[in-house]
Amino acid sequence: MRFSKLQALAAAASWAMTAAAASILEPRGVEQVKELGKKLSANAKIYWPGSPEFEKATTRWSALAAPKVNVVVVPATEKDVSVTVSFANNISVPFLAFNGVHGSITTLGKMQGGIEIWMNQLSSVKVSADGKTATIGGGTMSKKVTDDLWAAGKQTVTGTCECVSLMGPALGGGHGWLQGHHGLVSDQFLSMNVVLADGSLKTIDSKSDLWWGMKGAGHNFGIVTSVTTKVYDIQHSDWAIETLIFKGDKVEAVYKAANEYLLKNGTQPVDVINWSYWLNNPDVDADKPVIIFYIIQEGVKSVDPVYTKPFHDIGPAVIQPASGTYKDLAAWTGIALDSPPCQNVGNANPRFPIYLDTYNVASQKKIYDIFAAATKQGSDFANSLFMFEGYSEQGVQAIPDQASAFAFRGDNLLAAPLIIYQPAGAELDKKAKALGDQLRSVLQQGSGRTELHTYVNYAYGSETKQQWYGSAKWRQDKLSALKKKYDPKGRFSFYAPVA
């Protein structure tokens, strides 16, 4: 009876929030938002439905279970974020921060009306006088961070994709090209300004109990308006890549070689990265997906043959070497600003991530066959792809497991099918989920693990909080205690909620 009563109370609170959010568009609500506008700084903006600015601000990369927004507030200062959150609290309206809008987790769909806080004006990179740190605005995109630091002879760990923000990936830990040297994106942080659930703007660092939670589960606790992070002198201007494209009949040989010559039981060299995609490319194979395998190396003008020759011996259909700088990596791997994955074209883009220790060759073959059958040319999922990200892990694993809410430092690989399709109703959504779940399940079975480890930044949304943040009781207890202390009313509960 007690459980039923709690459920009823939660449902009533949710209904009240939704109703209040919808009322923003009514005359009284419009007047309230106009009053908010008077409290914001001169360069802050408010966008209403029907305007092109609203459309641009609310369009997400994935159309599946996208949050619904009634009005957009675009803060120009950190204080504007605080004022907006306080305003939303006062009128009992939900709010949600938008950054690179690449978060595709279906829990975001619980936002059924409210205020979007679009962070894109909080974009800045300022290197300190001693050149050891940089202060970066909470809405800054990864490409700007990379470019501005590079111009100053510096770099730091960012997400790999140019069109995601620095903070979006960082709140879930954040993988990046340089993590083998320095650790995750969030491992670089020294302090952050964050707007908490009550609207207060606080500066926190390692002295705060919240610091641990912000680095891996940060979506649950606040909106980061700026961050001070470590930066490093550029050690190597030269980077090289070799792109090898194989037909599907080589799948077992390719991943056997990857285990033996690259991954090396989790000791992949710090200057080497292996990445691969499976996708349809009729120019190479008209019937089945191809394997695009990247070998990336730092500090060289061409990838060392000790890494490439074993793959040449397999017989790729295409071999394409290239050389350049760190700034070329996103374009080489198809995740630059103008690359297809960075375009918001109305697709549903659910992902089904899983961390692994190694490539299980038999499982790779099995999932290739399933994936190929489901993504035939002309099928609903023909534009889908499978991602395998094999970063160097030394810097990540050098940091103690208990140092942050990110739970899966011991894993070596990140795999994720990305099921791309044009939305066409609930049945197609169910079909996509069934495919993604099946592919992930095969990989988990092949890993020999009973527990599923997932990357929260790629998560579908049906995973458990243990699968997002680790199953250790101390982890879950710590997250629950932080949530109770800093967000007892659950204002930050749309992205992979811890409670």
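How many disulfides does a search of the whole structure find? I got 1, counting a disulfide as a pair of cysteine sulfur atoms within 2.5 Å.

Ground rules before I go on. This is a predicted model, so I noted that local features need pLDDT of at least 70, side-chain atom pairs count only at pLDDT 80 or more, and totals for chains, interfaces and linings use all residues. Residues are numbered from 1 along each chain as its sequence is written, and side-chain values use heavy atoms, with hydrogens and water left out.

Entry: the disulfide. I looked up the pair, and C163 bonds to C342 with the sulfur atoms 2.1 Å apart. The angle about the S-S bond is -85°, making the link left-handed. C163 sits in the loop between strand 7 (154-155) and helix 6 (167-171), and C342 in the loop between helix 11 (329-332) and strand 16 (354-356), so the pair ties together parts 179 residues apart in sequence. Helices (H or I, at least four residues) and strands (E, at least two) are DSSP runs, numbered from the N terminus.

Entry: burial. C163 is buried at 10% relative accessible area, and C342 is buried at 10%. My cut-offs: buried is under 20%, exposed over 50%, partly exposed in between (1.4 Å probe, protein chains only).

Entry: C161 is in no disulfide, and the nearest cysteine sulfur, that of C163, is 3.4 Å away. C161 is buried too, at 13%.

Entry: Strand 8 (residues 189-195) and strand 9 (residues 201-205) pair antiparallel over 5 bridges; pairing takes at least two DSSP bridges. I found T203 in strand 9 as the bridge partner of N193. There are 5 residues between the two strands of the hairpin, and G199 in the turn has a positive phi of about 95°.
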